Structure formats: structure tokens, C-alpha cells
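Dear colleague,

I am handing over the structure that we talked about, and my notes on it come after it. Please look at the structure first and then read on.

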Amino acid sequence: MALIKDGWTIIADPLQIKLGEINAYIDLGAEKLLIAEKDGEKIAVEIKSFLGASTIYEFYTAFGQFSNYREALNK
């Protein structure tokens, strides 16, 4: 895996976050989600494919997930 070869350590698979009173997992329909850490910096990596019948639908679904993830991680 490229992340490990680059020195990242996988620390959560999937990522669990708390949104108020709700425990959420950032892997909604994900094929693969990794949380990695390197030199105190953390990243969330979700691996997606666009193999459905509608590429544009797959894109908007992925973009919506990204928007929700970004908002949750910022909180």
C-alpha cells in the first residue's frame, strides 16, 4: 500500500466520530476508508470506484460524502 510505503501508519479503519450525542462511522458506502498518521498529522483516505451505471451519479454521491465528512471532521 502506498500510504505505508510513504511512512504513514494506519490508525483507524473505519473512523468513528461523535456528532453531538450520535456516534458515527465515516465509511458510508465506502469501499475502503483508512485513517493514517505520520509525524503527528492525520488524514482520512476513502477509496472509491465509479463502476455504477451512471458515472455522474457516482461522482455526486462521492462529493456529498466528502462534504459531510469534511463538516463532521471540522467539528
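Predicted model: local features only at pLDDT ≥ 70, side-chain atom pairs only at ≥ 80, totals over all residues.

Residues are numbered from 1 along each chain as its sequence is written, and side-chain values use heavy atoms, with hydrogens and water left out.

Helix α2 covers residues 55-74, where helices (H or I, at least four residues) and strands (E, at least two) are DSSP runs numbered from the N terminus. At 1.5 Å a residue, the 20 residues of α2 should span 28 Å, and this agrees with its end C-alpha atoms, which are 28 Å apart; the expected span is 1.5 Å times one less than the number of residues. Within α2, the residues Ala62, Gln65, Tyr69 and Ala72 are buried (buried means under 20% relative accessible area, exposed over 50% and partly exposed in between, with a 1.4 Å probe and protein chains only). These residues lie on the same side of α2, because they cover an arc of only 90° around the axis, the arc being that of the directions from the helix axis to the C-beta atoms. The face of α2 turned away from its buried side carries the exposed residues Ile56, Tyr60 and Asn74.

A search of the whole structure finds three aromatic pairs, where rings of Phe, Tyr and Trp (its six-membered ring) pair if their centres lie within 6.5 Å, and planes under 30 degrees apart count as stacked, over 60 as edge-to-face and the rest as tilted. One of them is the stacked pair of Phe59 and Phe63, with 6.2 Å from centre to centre and 20° between the planes; both residues lie in helix α2, four residues apart, about one turn of the helix. Phe63 and Phe66 also pair, with centres 6.2 Å apart and planes at 40°, so this pair is tilted. Phe59 is partly exposed at 40% relative accessible area, as Phe63 is at 44% and Phe66 at 43%. Phe59, Tyr60, Phe63 and Phe66 form one aromatic cluster.

Asp6 forms a salt bridge with Lys38, the closest N and O atoms being 3.5 Å apart (a salt bridge is a side-chain nitrogen of Lys or Arg within 4 Å of a carboxyl oxygen of Asp or Glu). Because Asp6 lies in the loop between α1 (2-5) and β1 (9-12) and Lys38 in strand β4, the pair ties together parts that are 32 residues apart in sequence. Asp6 is partly exposed at 43% relative accessibility, and Lys38 is partly exposed at 26%.

Finally, Asp39 lies in the loop between β4 (32-38) and β5 (41-47). Its phi is near 50°, a positive value in a residue other than glycine, and Asp39 is exposed, with a relative accessible area of 78%.
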